[in-house]
Amino acid sequence: MRGLILAGGFATRLRPLSCSKPKLLFPIVGVSLIEWMARWLSSDGVKEIVLAVNHLSDKLKVEVGHTIGDVTVAFSVEEKPLGTAGPIRLAANLLSKDDPFFVINGDIVSDIDIRSMLAVHKEKKAAATIALVSVPDPSSYGSVLTDSDGVVRKFAEKSGAISSTNLVNAGVYVISPIVVGHIPIGRPVSLERDVFPRFAENGGMQAWIHEGFWYDIGRVSEYVRANKELLEKEAPEGGPAVPGAQGGMHILRPAYVGAKSRLGVGAKVGPFTILSNNVTVGDEAIVRNSIVFEETAIGEKTIVEDSVIGERVVIGRGSRIGRGSIIAGQSIIPEGSMVPPDSIILC
Ligand code: GTP
């Protein structure tokens, strides 16, 4: 089975972190989102994926290359954004003309069983099958109403209009080639608003309810939640050694220290802290409850709390980054800076 990952959005809700880094390269417990996705899909027997891109596509092409583990990657590049359905039409030649394929939003971390979804899709002879997950508050997601046989009846994209269900669109679909012909060529088209509701009206859409883990990291709060929950799962208290950690450092679990990261004398990292690869934490610095992207340098005696720090940031010595701050990639914070809580620093 092959499929397409939608990765051409502007990720406005992840700004300023997404100004210099495509969403697929955001680190999730030190591993890029695309690597998480490739591992998930590979474990379901997927061997080929197409990345539908436009925004920051050069960066993605360079970083991702043509393979991730045993998954082959092809790129379909749009000249202008085509929404969530247009890219499927554009990449039709790279997808199967005879067999169903999957389409996934490029901001999902999950273990949805694509193989079982495909089996249900075929059994029900659906035009499209959509994975649904139950969330406590569906108001910021697209709710989906089904009948008792799991046939999709109604969509309400991010409107909160359907209050009788907590089931929301998980951003993972199995699609039969017949759907592709219903997507107009060369203009932005939305799967959720334009294409699926028409198939749902005719009873051609099936739901698949997922009960495992699922995160949509499209908002900073959800991105942080996904990292912290997965960190706890991957490196529980008393679990295996923190990857990349050197001896004699003060690391409070749960914490993740990426390869080639260095901690100075008396530096304290954790709990709930993730340092990506090649991060430097200076002597006596404290990094707590925070996510730090790769190649960032935190000066000595600096304190970082409850914050997200982008890639290749330099924070001068003796600074204090207030709780809830977000610092864009490549920013330079001068020595002794007092960054107030909830600051957003653009680069
Ligand atoms: P926001 O600007 O924060 O809404 O982010 P987004 O547009 O990246 O995400 P959204 O949730 O709106 O889109 C769902 C998925 O579709 C994401 O993985 C996007 O990358 C992707 N996507 C959205 N628009 C396009 C597009 O025009 N082309 C392609 N190829 N993908 C898109």
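Biologist: Happy to look at this predicted model with you! Which residues does Ile 49 touch, not counting residues up to four places away in sequence?

Modeller: Contact here means heavy atoms within 4.5 Å. With residues up to four places away in sequence left out, the partners of Ile 49 are Gly 3, Ile 5, Ile 34, Leu 41, Val 71, Thr 72, Val 73, Ala 74 and Phe 102.

Biologist: Nice. Which residues touch the most other members of the largest nonpolar core, and which helix gives this core its largest share?

Modeller: The core has 61 residues, and Ile 49, Leu 51 and Tyr 223 touch the most other members. Domain 1 (2-220) and domain 2 (235-345) each supply at least three residues. As for the largest share, seven residues come from residues 33-43, which is helix H1.

Biologist: Thanks! Now the open sheet: why is one side of S15 and of S30 left without a neighbour?

Modeller: Six strands make up the sheet, paired in parallel in the order S15-S18-S21-S24-S27-S30. Strands S15 (250-251) and S30 (338-339) stand at the edges, so one side of each lacks a neighbour in the sheet, as each has a single partner strand.

Biologist: And which residue in S27 is the bridge partner of Val 304?

Modeller: Strand S24 (residues 303-305) and strand S27 (residues 320-321) run parallel and are joined by two bridges. In S27, the partner of Val 304 is Ile 321.

Biologist: Lastly, which element gives the largest share of the lining of the largest pocket?

Modeller: This pocket holds about 890 Å³ of space. Of its 44 lining residues, Arg 13, Lys 23, Thr 84, Asn 105 and Asp 107 are the closest to its centre. Strand S12 (167-175), helix H6 (191-201) and strand S14 (214-216) each give two or more residues to the lining. The largest share, three residues, comes from S12.

Notes:
Residues numbered from 1 in each chain as written. Predicted model: local features only at pLDDT ≥ 70, side-chain atom pairs only at ≥ 80, totals over all residues. Heavy atoms only, no water. Pairing = 2+ DSSP bridges. Helix = DSSP H or I, 4+ residues; strand = E, 2+ residues; numbered from the N terminus. Core = buried A, V, L, I, M, F, W, Y, C linked by side-chain atoms within 4.5 Å. Buried < 20%, exposed > 50% of the residue type's maximum accessible area, 1.4 Å probe, protein only. Domains from an automatic or database assignment. 1 Å grid on protein atoms, 1.4 Å probe; cavity = no way out; pocket = protein on both sides within 12 Å on 5 of 7 lines; lining within 4 Å. Points joined across faces, edges and corners; volume = space filled by probe spheres on them.
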